[in-house]
Amino acid sequence: SQLFIKDLLFDGVSVRIYLPKEPSAAKRRGAIFFHGGCGIFGSIRSHERICRYIARKSDSVVVSVGYRLSPEHKYPAQTLECLTATVHFLQTADTYGVDPTRIIVCGDSAGGAYATSVCQELGLRTDIPKIRAQVLIYPFLQALNFNLPSHQKNASMALLSLDRTVHSILKYLNKDCSLKEPILAGSHVPESMNLKYRKWINPDLIPEVFKLGYKPPLPTTFLPQVHEEVKELFETRFSPLLAEDAVVCHLPDTCIVTCEHDVLRDDGLLYKKRLEDNSVRVTWHHMEKGFH
C-alpha cells in the first residue's frame, strides 16, 4: 500500500521498480538490487520482500534486476545484464524522481559478486554518474582458494556447503561436475598464479579470531587440463577479488555484511582488507549467529 510497483525493461533487461507513493520534496535516493542464487536460480519474485522492505524503510526507489539465468543464458550474460540495467538507471534516474548522484548497488551472494563487478567496470567511466556506494551481502568474490578458514569451518553447513558451492559454480559455467574434486583441492591454479595472488588471497590476511581450528592444506598437484577447462574462474568478472589495485582504488564507499556460519565469510573479509588498503571507506557488519 506504500509503494507503486512496476515491471519494466531497461535496455531489454527485465526489472521491477519499487517507488514510494508518498510525495517527496526532493529527489529520492536509488538502489539497484541483484538477487543471489549462484546465477542459476532466484528471481525478482524470490527477493520481492527484501526489495519492498528496502524501499519502505529507506524511502528509496529500488530497482530489482531480473537477469536471465544460466545454463540457458551462458556466463557472463548475468553480469552484463546487471551492468546494462545499472547504466540505464544511472542515465534515466530523473525519470523516476531519483538523484543520480545518490544511487547505490546492492546484492546478496552471487548478486554481491555482480554488484562488485558492476562497480569495478564503471569505476573509471566519466560519461555517467558515479555509483554512490555498494552494499555486499555475504558476497562470492573468488574461485582460486577453497581452503580458507571459513571454507574449512563451514564445509558441511546447511544450505550452502563447500561441496554445493563448487558444484553450483560448475553448473553455472556449464562445466563437467567431475572437476569439483580437483578444484576443491586447488589443482586448477598454477603455482605462478598462487604466488601472484597470495598478497590478496591468503589465510594470513584473515584476523586470528576467525582462524580457530584452521589447518593449512597439504600441497596439491597442478593439473593443467583442469586449469584450461575452467579459465573463466580467473576472470575479474567471475572473481572480482583478483582486480588490480588501479581498479579497486576507484571503487565507491562500501558496506560489507559477513556471516560467521558461511563458507563465503572470508571472501568478504579479504575484500574488506583490499578496499581499506586502497583507501576506500568500508562499513562492516558481521553477523556472529548468521548463516548464508
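A salt bridge is taken here as a side-chain nitrogen of Lys or Arg within 4 Å of a carboxyl oxygen of Asp or Glu. The model is predicted, so local features need pLDDT of at least 70 and side-chain atom pairs count only at pLDDT 80 or more, whereas totals for chains, interfaces and linings use all residues. Residues are numbered from 1 along each chain as its sequence is written, and side-chain values use heavy atoms, with hydrogens and water left out.

**The two domains**

Colour residues 3-142 together with 237-291 as domain 1, and residues 149-234 as domain 2; these bounds come from an automatic or database domain assignment. The centres of the two domains, taken over C-alpha atoms, are separated by 25 Å. If you select the residues in contact (heavy atoms within 4.5 Å), you will find 33 residues of domain 1 against 28 residues of domain 2.

The size of an interface is often given as the accessible area lost when the parts come together. Here, domain 1 and domain 2 bury about 2,800 Å² between them, with 67% of it on carbon and sulfur atoms, where buried area is the accessible area (1.4 Å probe) that two parts lose on being put together, summed over both.

**Across the interface**

How many salt bridges does the rule find across the interface of domain 1 and domain 2? There are two. Select Lys196 and Glu244 next, which form a salt bridge whose closest N and O atoms are 4.0 Å apart.

On the side of domain 1 that touches domain 2, β7 (253-261), α10 and β8 each supply at least two residues, and α10 gives the most, with seven residues. Helices (H or I, at least four residues) and strands (E, at least two) are DSSP runs, numbered from the N terminus.

**Two cis peptide bonds in one loop**

Most residues other than glycine have a negative phi, and most peptide bonds are trans. Move to the loop between β4 (61-65) and α2 (77-92), where Pro71 is found, and look at the peptide bond from Ser70 to Pro71, which is cis with omega near 5 degrees. Pro76 also lies in the loop between β4 and α2, and a cis peptide bond with omega of about 10 degrees joins Tyr75 to Pro76.

**Two serines with positive phi**

Select Ser109, in the loop between β5 (98-108) and α3 (110-122); its phi is near 60 degrees, a positive value in a residue other than glycine. Then select Ser279, in the loop between α10 (265-277) and β8 (282-291), where phi is near 65 degrees and again positive. Is each of these serines buried or exposed? Ser109 counts as buried at 9% relative accessibility, whereas Ser279 is exposed, with a relative accessible area of 69%; buried means under 20% relative accessible area, exposed over 50%, and partly exposed in between (1.4 Å probe, protein chains only).

Finish at Leu3, in strand β1 (residues 3-10), which is buried with a relative accessible area of 12%. Leu3 and Pro20 are 17 residues apart in sequence, yet their C-alpha atoms are 4.5 Å apart in space. Not counting residues up to four places away in sequence, Leu3 touches Tyr18, Leu19, Pro20, Lys21, Arg52, Ala55 and Arg56.
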